[in-house]
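Q: I would like to learn how to read a protein model feature by feature. Could we take the general idea each time and then the case at hand?

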Amino acid sequence: MQFFLDSAIVDEIRYALDVWDIDGVTTNPRHVQTSGKPFLQVVQEIGAMMAGTDKTVSVQTNPHKHDDFQAIVDEGRRLAQFSPNFVIKMPCTEAGFRACRILTDEGLRCNLTLCFSPIQGLAAMRAGAYYVSPFIGWKETNSEESRTFIEELVEIRDN
């Protein structure tokens, strides 16, 4: 089992590495905003902290472009250049699955996030995801109806 800190606060990450020997970090734009620093500055600082280790940093692509697979691919390629420890984080959507296949074929590691169902997890694995970030119980907690496996497959096919 691996433990990842979901943060972009550099001091918090440093503490978790020292005290808890976490296996890596996962970030998102909201965490970066909370850090009070510019996006690229934060991810570069975190990447530098992980340099020379086998610990990964999931760096999320721009959520405002999550319906454009080419924008995800382009940003993923740019982010991957900052650190060999980076895993490119994108949504479990049609665009995310397409981008994941392309980036994985290029040798980059991907983390498909916002995975709300088993079928999304299976699709992420088939797309070559290195990690999948499930949101277990989110639908139930937020009063969304659960659907059958077949209903989800049909929706993916039709979209």
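Q: What kind of unit do S5, helix H6 (residues 118-127) and S6 make?

A: A crossover is called right-handed if, with the strands pointing away from the viewer, the path from the first strand over the helix to the second runs clockwise; helices (H or I, at least four residues) and strands (E, at least two) are DSSP runs, numbered from the N terminus. Here S5, H6 and S6 make a right-handed β-α-β unit, and S4, helix H5 (residues 94-105) and S5 make a right-handed β-α-β unit as well. Before going further, please keep in mind that this is a predicted model, in which local features need pLDDT of at least 70 and side-chain atom pairs count only at pLDDT 80 or more, while totals for chains, interfaces and linings use all residues. Residues are numbered from 1 along each chain as its sequence is written, and side-chain values use heavy atoms, with hydrogens and water left out.

Q: How many helices and strands are there in the chain, and in what order do the elements run?

A: The chain holds eight helices and six strands, and from the N terminus on they follow the order β-α-β-α-α-β-α-β-α-β-α-β-α-α.

Q: In which sense do S4 and S5 run, and how many bridges join them?

A: Two strands pair if DSSP finds at least two bridges between them. Strand S4 (residues 86-91) and S5 run parallel and are joined by four bridges, with Ile88 standing opposite Cys110 in S5. S5 also pairs in the parallel sense with strand S6 (residues 131-134), over three bridges, and there Asn111 has Tyr131 as its bridge partner in S6.

Q: Is strand S5 mostly covered or mostly uncovered?

A: Buried means under 20% relative accessible area, exposed over 50%, and partly exposed in between (1.4 Å probe, protein chains only). Strand S5 (residues 110-115) is mostly covered, since five of its six residues are buried. Leu114, which is found in S5, counts as partly exposed because its relative accessibility is 32%. In H6, the buried residues are Ile119, Gln120, Gly121, Ala123, Ala124 and Ala127, and of the 159 residues of the chain, 42% count as buried.

Q: Which residues touch the most other members of the largest nonpolar core?

A: A nonpolar core is a set of buried Ala, Val, Leu, Ile, Met, Phe, Trp, Tyr and Cys residues joined through side-chain atoms within 4.5 Å. The largest one has 35 residues, of which Ile13, Ile46, Val57, Met90, Phe97, Cys100 and Leu112 touch the most other members. H1, helix H3 (39-50), strand S3 (56-60), H4, S4, H5, S5 and H6 each supply at least two residues of this core. Leaving aside neighbours within four places in sequence, Val57 is in contact (heavy atoms within 4.5 Å) with Val25, Ile46, Met50, Asn85, Phe86 and Val87.

Q: What is the phi of Asp21, and what is that of Leu114?

A: Most residues other than glycine have a negative phi. Asp21, in the loop between helix H1 (10-20) and strand S2 (24-26), has a positive phi of about 50 degrees although it is not a glycine. Leu114 is likewise not a glycine, yet has a positive phi of about 60 degrees.
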